[in-house]
Every structure is written in structure tokens, then in C-alpha cells.
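Hello,

Here is the structure we talked about, for you to open and look through. My notes on it follow below.

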Amino acid sequence: MLNYDEFKRELLKRVRENAGEDMKVEIAAIQKNNGTQKEAIVFSDKENNLHPVIYLDSVYSQYRAGTELSVCVGFTVGVCRSVMDLNIDMAYKNWEDVRGKIEVTAINKDWNADAMSGIPHREFLDLVLYCRVIIDRNGNGVASTIVRSHMLRAWGISEEELWEAAFSNLKTEEFDIKDVNEVLGFIFREGGLSGALDKNEFEPVLYVLTNKYQNRGAVGMLRTDLLEKFAEQGGCDLYILPSSIHEVLLLKDDKMPVDELRKMVRSVNRGVVDEMDRLSDEVYYYRRGSGKVEIAA
């Protein structure tokens, strides 16, 4: 079995052989959330503004799990071609076609202070919100692009119009709130241990809030209508724990010390959550009837 460096060199060589003469293929370090970087294979050609990116760690994980190198090559080239085949004019050049594809993403403000230049954004507590255009969703993942200031000029819209569309879409986006036992039970069943966890034997304490795709779903904490309904059903106020950029955890207020919750969040962030996926070390609070999320006092 090839080690990582051997794998990426061989993968690059074979992908170049299969991608075609008009396609430029290279390995580059891509700047990600919270100042982190990931190595990726990046494709580009002279006729298309799209630059498909395939992260090497995910492909290498497939290889380590037993996938043949030839299959990894086929997967990588296939993703590239599927993205390049998208109609870019329909994908994001015309505002009327784009309006319904704008989605809000939440990341940490301080950890990404240098990354927001040229990107329309808004502050929310200790977070910053920005928008992405979802170009395509399929079995291979999500193809999207960050909305940048020059795109607004091309669309002929104001920043206010961008956010009006983004928050309108957020109101109709699908989010789920599930107790953590149900989520863990699904994981155990998928692993062949269906009898390992019977959720009826446990009183749910933590609940997971995320979107349908479990991708950048922490922004669901902005959906105060969902928080209000959940809090009313439980007859309590809520602590909101930032699990990652993909989800948050809801905890019914049972007078647990906020300092202890913060210690727990920070410990999990440092010990469990990938640095790229960390959302915050803070703890948030939703008070029934308030219609707003705040940092827990």
C-alpha cells in the first residue's frame, strides 16, 4: 500500500493521463475555515470558469479502506467532468437563476478575520455569516462557490438584495432536530450493532440541530421559529452548544453552570472536532418568547 506522498504523486500522474490535454491538473493547498489548509487536486481549463477541487485526504481514505487506485482515479476524473459539464451561465451568472440557490453559512468571526476581504458578510454574536451559491448537489457532494463582491456587480444587485434572498431561502431550508440517542442509534445500526443502543432506555438530554444534508448546518441556530417551537414543546429555555460548522447541540436549561458548559465545548473542540470544522468556544442561549439567540451569561 502506498503512503500518502506516494499516493498523491501516483494519483496526480494517472489523473493527468485521463483528464485530457486541454485540462490543467495540479495539487495545491486550499485555504479553508479557521485558517486551515487542505491539499487538493485542482482542475482548470481555458473555456470554463469552474475549478473543481477534490480533497486528497478523502480520496486517500477511500484507498486506505481498500478501494483500488484505478477506482480512485476514475472517481476523481468523474467528479471533475460532472462539474465541468454544468451550464455555468445557468449556474451562477444570472441573478434570477441564482436567487433561489443562495445559502447562508456561519463561521467564527475571530478565527477568520483575514478571510472576509471581498466577501459580503454580516456579524452575528461571535460569528460571521456569508453566502454561497449552491451549483449542484449529487451523490458526490456539494458543488458551490462563495459569493464575492464582484459577483454582486455582475448580477446588478445590492448587498441588501443578496441578504434578502439568503434569509428568505433560509426560512424554507429543511432542518432536523433529533435527540442524540436517535442519532447514535442510527450510527450503531449502520455498524451492525442494532441492539447496542435502545433509545427507549435513555432520557434524551442533548438534541442535534442540522440541515437535511448535514453540511454547514449550524446556521440552523438562526431559525428562531424552530427554536421557539422546540422550547415550547419542552417547556424550557435552551442552551445551544456549537458542535461544529455542520451542526449545533440543543440542551434544555436545567440550571447547569455556563462555565462548565464552556469548558466542555472547548475541550471537545480541541480534542475531537477537526480544526477546520470548529465553530466557536462560546455557549449560546435561547429564551422562550425572545425570538433571538444570545451568548449565554
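**Aromatic pairs and strands**

Searching the whole structure, which is a predicted model, turns up eight aromatic pairs. One of them is formed by Trp95 and Trp155: the ring centres are 5.4 Å apart and the planes meet at 40°, so this pair counts as tilted. Trp95 belongs to helix H5 (residues 95-98) and Trp155 to helix H6 (residues 149-155), so the pair ties together parts that lie 60 residues apart in sequence. Trp95 and Trp155 are both buried.

Another aromatic pair, Tyr239 with Tyr285, is edge-to-face, with 5.0 Å from centre to centre and 65° between the planes. This pair also links distant parts of the chain, as Tyr239 is in strand E10 (residues 238-244) and Tyr285 is in strand E12 (residues 284-286), 46 residues apart. Both of these tyrosines, Tyr239 and Tyr285, are buried.

Ring pairs also join Tyr4, Phe7, Tyr60 and Tyr63 into a cluster. A ring can have a charge over it as well: the charged end of Lys38 sits over the ring of Tyr55, 4.7 Å from the ring centre.

Now the strands. E10 and E11 are paired antiparallel over five bridges, and they form a hairpin with two residues between them. What does strand E11 (residues 247-252) join through four bridges? The partner is strand E9 (residues 206-211), and the two run antiparallel. In that pairing, Leu209 stands opposite Val248 in E11.

Regards

Notes. Residues numbered from 1 in each chain as written. Predicted model: local features only at pLDDT ≥ 70, side-chain atom pairs only at ≥ 80, totals over all residues. Heavy atoms only, no water. Phe/Tyr/Trp six-rings, centres within 6.5 Å; stacked < 30°, edge-to-face > 60°. Buried < 20%, exposed > 50% of the residue type's maximum accessible area, 1.4 Å probe, protein only. Lys NZ or Arg CZ within 6 Å of the ring centre and 35° of its normal. Pairing = 2+ DSSP bridges.
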